Amino acid sequence: MAVLTYVEAISDALREELRRDPRVFLLGEDIGVYGGAFKVTKGFLEEFGAGRILDTPISEAAIIGAAIGAALNGMRPVAEMQYIDFITNGFNQLVNVAATIAYRWGLPVPIVVRGPAGGGVGGGPFHSRNPEAWFAHTPGLKVVYPAFPADAKGLLIAAIRDPNPVVFLEHKGLYRKVRQEVPEGEYVLPLGKAAIVRPGRDATVVAYGSTVHHALQVAEELSREGIALEVVDLRTLVPLDEETVLDSVRRTNRVVVASEANRTCGFAAEVAARITERAFKWLDAPVVRVTAADVPTPFAPTLEQEVLPSAQRLKAAVLELLRF
């Protein structure tokens, strides 16, 4: 085991797969000489060479399109979006092309499109998106959003080995904030398996990405008041581990779904709908969502804090739910 930050665990996963499989290569803006905007690929050019660490033009459509072409020719490309917000410029290649090839042609498209998502760092409206719902809505794409370093490593390796296109979201606010023991060497976690990161009996918080850490903070605070909050980390949104979520709700009878994405049509709404459809008779209160507001993320830190979900807002929602 090695103690790694979230960003170090992602870097470790990429190195492991580059060393293991000669078909794996990376492409993206400034990932070579500069080492990436967040230094995920620092030192990679020296170790693996320009043939496998490709600095690209500033064109997300070209990056994803080239990755698709390489994948169809037997390679395993990992495409970096400097910020996940800019994936919109490659939307057609990902949603209309990569996501449909298995259906149209019966061919695998083993590409990973990874990039920093989320707010909390003063990035403003062009550098703070959580666009997971766009891709969860698209048949043919898998969507991963880990909250911890060990999960980030294990799920990224699994994503690279998967025959389907995977959108891999990394919360930039967690890059150097979260640190834990991570298995060294080859470490693979299955896609589509949620984790109960804190067991409880009184209510469930279903979360992913940054909101998992809010939930754990709230659970610790409420434990001092004799309240046992269960925290479920989805880890993978598509495929979604419904059974772990539903089993938790059946035991606690109350649930809050927490997401940093916008409220309207966000992935939290999908989770809430599935719980209502399949676990309604076990619920003692309505399903509650804690999300970001339906506005672009502000630059100003004070305004950003008002827009994004927080541990304080989540705690208030849980207490209100318990009083229902």
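Reader: Which residue stands opposite Glu230 in E11?

Author: Thr204 does. This is a predicted model: local features need pLDDT of at least 70, side-chain atom pairs count only at pLDDT 80 or more, and totals for chains, interfaces and linings use all residues. Residues are numbered from 1 along each chain as its sequence is written, and side-chain values use heavy atoms, without hydrogens and water. Helices (H or I, at least four residues) and strands (E, at least two) are DSSP runs, numbered from the N terminus.

Reader: What makes E10 and E11 a pair?

Author: Two strands pair if DSSP finds at least two bridges between them. Five bridges join E10 to E11, so they pair. They run parallel.

Reader: Why is E11 called mostly covered?

Author: Five of its five residues are buried. Buried means under 20% relative accessible area, exposed over 50%, and partly exposed in between (1.4 Å probe, protein chains only). Leu229, Val231 and Asp233 point one way from E11, Glu230 and Val232 the other way, and all are buried. In a regular strand the side chains alternate between the two faces of the sheet.

Reader: How do you know that strand E2 is largely enclosed?

Author: Five of the five residues of E2 (residues 24–28) are buried, so the rest of the structure largely encloses the strand. Both faces are covered: Val24, Leu26 and Gly28 lie on one side, Phe25 and Leu27 on the other. E2 has parallel partners too. Five bridges join E2 to strand E4 (residues 76–80), where Ala79 is the bridge partner of Leu27. Three bridges join E2 to strand E3 (residues 53–55), and Leu26 stands opposite Ile53 there.

Reader: Why is Tyr34 called partly exposed?

Author: Tyr34 has 49% relative accessibility, so it counts as partly exposed. This residue is in the loop between E2 and helix H2 (44–48). Asp30 is also found in the loop between E2 and H2. At 40% relative accessibility, Asp30 counts as partly exposed.

Reader: What sets the phi of Asp30 apart?

Author: Phi of Asp30 is near 65 degrees, a positive value in a residue other than glycine. Most residues other than glycine have a negative phi, and most peptide bonds are trans. Arg235 also has a positive phi, of about 65 degrees, and is not a glycine. Arg235 is found in the loop between E11 and E12. At 9% relative accessibility, Arg235 counts as buried.

Reader: Where is there a cis peptide bond?

Author: Between Val238 and Pro239, with omega about 0 degrees. Pro239 lies in the loop between strand E12 (236–238) and helix H9 (242–252).

Reader: How do you know that the span of helix H12 agrees with 1.5 Å a residue?

Author: The expected span of a helix is 1.5 Å times one less than its number of residues. For the 13 residues of H12 (residues 311–323) that gives 18 Å, and the end C-alpha atoms are 18 Å apart, so the two agree.

Reader: Which residues of H12 are buried?

Author: Ala311, Leu314, Ala317, Val318 and Leu321. They fall within an arc of 125 degrees seen down the axis, so they line one face of H12. The arc is that of the directions from the helix axis to the C-beta atoms. The face turned away carries the exposed residues Gln312, Glu320 and Arg323.

Reader: What makes Pro131 buried?

Author: Its relative accessible area is 3%, so Pro131 is buried. Pro131 lies in the loop between strand E5 (112–117) and helix H6 (132–136). Beyond its neighbours within four places in sequence, Pro131 is in contact (heavy atoms within 4.5 Å) with Ile84 and Leu169.

Reader: What is the volume of the largest pocket?

Author: About 500 Å³. Of the 21 residues that line this pocket, the closest to its centre are Gly120, Lys177, Ser210, His214 and Pro309. A pocket is an open set of points on a 1 Å grid over the protein atoms alone, where a 1.4 Å probe fits, with protein on both sides within 12 Å along at least five of seven lines; lining residues have an atom within 4 Å of a point. Grid points are joined across faces, edges and corners, and the volume is the space filled by probe spheres set on the points. H8 supplies the largest share of the lining, four residues.
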